[in-house]
Amino acid sequence: MVLSTPLALVLVIAGLWSLIVWPSYLRDVLKSPQARDAKGSPTRYMTTNLMKISTAMVFGLATLVIGVRGLIG
């Protein structure tokens, strides 16, 4: 399958967006008082958000790679 240039650019932009936006959300989650309990152990809030963020970043990276490969050829 060959990607058109506009479609490849959309994938590159979407991938970059994910890789730029999610790390700032990660910083907010790690600073949140909800992230750790009184003993300092991670809470479900932290675990759930870490899984969500890591999954979104993996998909963002895959999207970026597909877009770049579509632009290159």
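**Figure 1. A nonpolar patch on the surface.** Leu9, Ile13, Val68, Leu71 and Ile72 form a nonpolar patch on the surface, with about 470 Å² of accessible area together. Helices α1 and α2 are the elements that give two or more residues to this patch. The largest share, three residues, comes from α2. Patch members must have over 30% relative accessible area and no salt bridge; nonpolar side chains (Val, Leu, Ile, Met, Phe, Trp, Tyr) are joined within 5 Å, and like charges within 9 Å. A salt bridge is a side-chain nitrogen of Lys or Arg within 4 Å of a carboxyl oxygen of Asp or Glu. Accessible areas come from the Shrake-Rupley method with a 1.4 Å probe, and for residues only the protein chains shown count as cover. The model is predicted: local features need pLDDT of at least 70, side-chain atom pairs count only at pLDDT 80 or more, and totals for chains, interfaces and linings use all residues. Residues are numbered from 1 along each chain as its sequence is written, and side-chain values use heavy atoms, with hydrogens and water left out.

Figure 2. Leu9 sits in helix α1. Helices are DSSP runs (H or I, at least four residues), as are strands (E, at least two), numbered from the N terminus. Leu9 is partly exposed because its relative accessibility is 40%. The cut-offs are under 20% relative accessible area for buried and over 50% for exposed, with partly exposed in between (1.4 Å probe, protein chains only).

**Figure 3. Helix α1 and its cover.** The 27 residues of α1 should span 39 Å at 1.5 Å a residue, and its end C-alpha atoms are 40 Å apart, which agrees. The expected span is 1.5 Å times one less than the number of residues. Ala8, Val12, Gly15, Ser18 and Val29 are buried in α1. The cover over the buried residues of α1 includes α2 (44–72).

**Figure 4. An aromatic pair, Trp22 and Tyr25****.** The count comes to one aromatic pair. Rings of Phe, Tyr and Trp (its six-membered ring) pair if their centres lie within 6.5 Å; planes under 30 degrees apart count as stacked, over 60 as edge-to-face and the rest as tilted. Both residues lie in α1 (residues 5–31), three residues apart, about one turn of the helix. An α-helix has 3.6 residues a turn, so residues three or four places apart point the same way. Trp22 is partly exposed at 22% relative accessibility, and Tyr25 is partly exposed at 28%.

**Figure 5. Phe59 in helix α2****.** Phe59 is exposed because its relative accessibility is 56%. Phe59 and Ala14 are 45 residues apart in sequence and 10.0 Å apart in space, C-alpha to C-alpha.

Definitions and conventions:
Contact = heavy atoms within 4.5 Å.
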